[in-house]
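Visitor: I would like to go through this structure with the criteria stated. Please show it.
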2 protein chains.
Amino acid sequence: MAESADKGTKKARDRTGWQAQKSAMTRDTILDAALDCFITIGYASTTTAKIADKAKVSRGAMLHHFPSKTELIQAAVEYLHGKLLYLYAKCIDEAIDDEEAHSLPVDERNRRGLQGYWNYLSSDLFTAYHELCVAGRTDPELQYILEDSIARFDENVAQSSKRLFPEWAKRGELYELAMDISQFLMQGMAVSQIVSQKDARVSRMIDYLSDRLEEIFHAGDQDAAIHRHSSRK
Amino acid sequence: MAESADKGTKKARDRTGWQAQKSAMTRDTILDAALDCFITIGYASTTTAKIADKAKVSRGAMLHHFPSKTELIQAAVEYLHGKLLYLYAKCIDEAIDDEEAHSLPVDERNRRGLQGYWNYLSSDLFTAYHELCVAGRTDPELQYILEDSIARFDENVAQSSKRLFPEWAKRGELYELAMDISQFLMQGMAVSQIVSQKDARVSRMIDYLSDRLEEIFHAGDQDAAIHRHSSRK
DNA sequence: AAAAAAACAAGCAAGGCTGATTGTAATTTG
DNA sequence: CAAATTACAATCAGCCTTGCTTGTTTTTTT
């Protein structure tokens, strides 16, 4: 009871203290170094020593901030999660400028959204994220750490899309189909790109997908797209 | 000069010898164990010792067959390459029975081909292969080993498709578009499936893709699909 | 100003992985 | 049958990675 009051004052010190800021700064330096390692040498060969080297802090210092490798990875994933959300928003916003968004025809807004999404998927951060997901398949601990992040990210992307294309969100099942096809196809392209460069085909594919999305929603009015295929066996 | 004749006789012995067969058998046992490790514990944490354990041979025996880890991995990739080719052919053949292939309508053959391709992409072997490709990004040695395998496999799949759908192959650019969209989309689905289970959406997506492929080739006659989108900026 | 706590540095011990060495049994060749 | 070769087994040394422990400097509290 009396202790809680004491802790209250201590907590206040923590926030106002100057070394707390310094601490937070080196913390971010370490996390940035961790992401840099994921990108440059891959998750598998990222060791705590290499992260410390890249961050230019001693291993002891790092161990002070992150007592175990697991906690460091967990924090790095959380950090990456935040950066990905920001990058996604930035890519979409740069592709679709809000000012002129409403003056653009739907299909053009569509196309720009896809291009923004593609820019996001082509980033180093997404590459690292994908690699983490793959590694998580056989690493239960990492998988547990990622699960939460994946779910939250998907949710956020869905929200973002609804905000950008309000007229789509009302389409229900049709909207889900459009989202699925866009995500699956674009991610397939991104992964193929990671494995072996195929730039030439990517641009054509974005054009094609853009046309199909437009078609889905136009044809949806005439009840021709989704019911046609869902009526098959 | 005289030595070459001697070596000729020795080479003959190698093939006829009984222990040569035994040797080849344990070789395959080791390679199977390697692939099993890739699948169950992942490439990153696959060690030579674990492979030897799973193959139930001593580390010394394995070192006899594969002097270094690199050579073992190289052989395992080659082995996997062969198994993938076989599995691909098997999945397609099971989906499209050659007997009735010509009696089926084009779109039904289409759909079955996609389902077969999906079965292939859902296999453990493909999962392991994809993981190897991802690991190769930051492992130059592995990347070099894979490059050759990837190119040969793509070539083989292209050949196989042309054989199964001879009427498509004549379409030129349209055929490439259809191949790209099928591969990108299906692989995107497979990768998403690896990361987090999304069965429900997969079946719907195959239906949709099947319809689009049919459309591409029907519309191609009327010059409406590819020129429409490639004429955009 | 003294005490307490935090930030940071450096070295140590245990375990895992790779490659090399040495040894043994079976088989083929001459 | 003897020699050489092959298949296989087991152990050892060196390196890397992780986490723990001890020590030093700086800052905050009282």
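Guide: A salt bridge here is a side-chain nitrogen of Lys or Arg within 4 Å of a carboxyl oxygen of Asp or Glu. By that rule, seven salt bridges cross the interface of chain A and chain B. This is a predicted model, in which local features need pLDDT of at least 70 and side-chain atom pairs count only at pLDDT 80 or more, while totals for chains, interfaces and linings use all residues. Residues are numbered from 1 along each chain as its sequence is written, chains are lettered from A and ligands numbered from 1 in the order in which they are written, and side-chain values use heavy atoms, with hydrogens and water left out.

Visitor: What makes A:Glu131 and B:Arg137 a salt bridge?
Guide: The closest N and O atoms of A:Glu131 and B:Arg137 are 2.8 Å apart, and the cut-off is 4 Å, so the pair qualifies.

Visitor: Why is the pair A:Asp207 and A:Arg111 said to tie together parts of chain A?
Guide: The side chains of A:Asp207 and A:Arg111 meet in a salt bridge at 2.6 Å, N to O. A:Asp207 lies in helix α12 of chain A and A:Arg111 in helix α7 of chain A, so the pair links parts that are 96 residues apart in sequence. Helices are DSSP runs (H or I, at least four residues), numbered from the N terminus.

Visitor: How do you know how many residues of chain A and chain B are in contact?
Guide: Contact means heavy atoms within 4.5 Å. On that basis, 45 residues of chain A are in contact with 45 residues of chain B.

Visitor: What is the area buried between chain A and chain B?
Guide: About 4,600 Å² is buried between chain A and chain B, 55% of it on carbon and sulfur atoms. Buried area is the accessible area (1.4 Å probe) that two parts lose on being put together, summed over both.

Visitor: Why are the copies said to meet through the same surface?
Guide: Of the interface residues of chain A, 100% are also interface residues in chain B, so the copies meet through the same surface.

Visitor: What makes the relation between the two copies a two-fold one?
Guide: A rotation of 180° with 0.0 Å of shift along its axis superposes chain A on chain B, with an RMSD of 0.0 Å. The copies are therefore related as by a two-fold rotation axis. The superposition is by least squares on the C-alpha atoms of residues with pLDDT of at least 70 in both. Of the residues of chain A, A:Gly188 comes closest to the axis, at 1.7 Å (C-alpha).

Notes. Helices (H or I, at least four residues) and strands (E, at least two) are DSSP runs, numbered from the N terminus.
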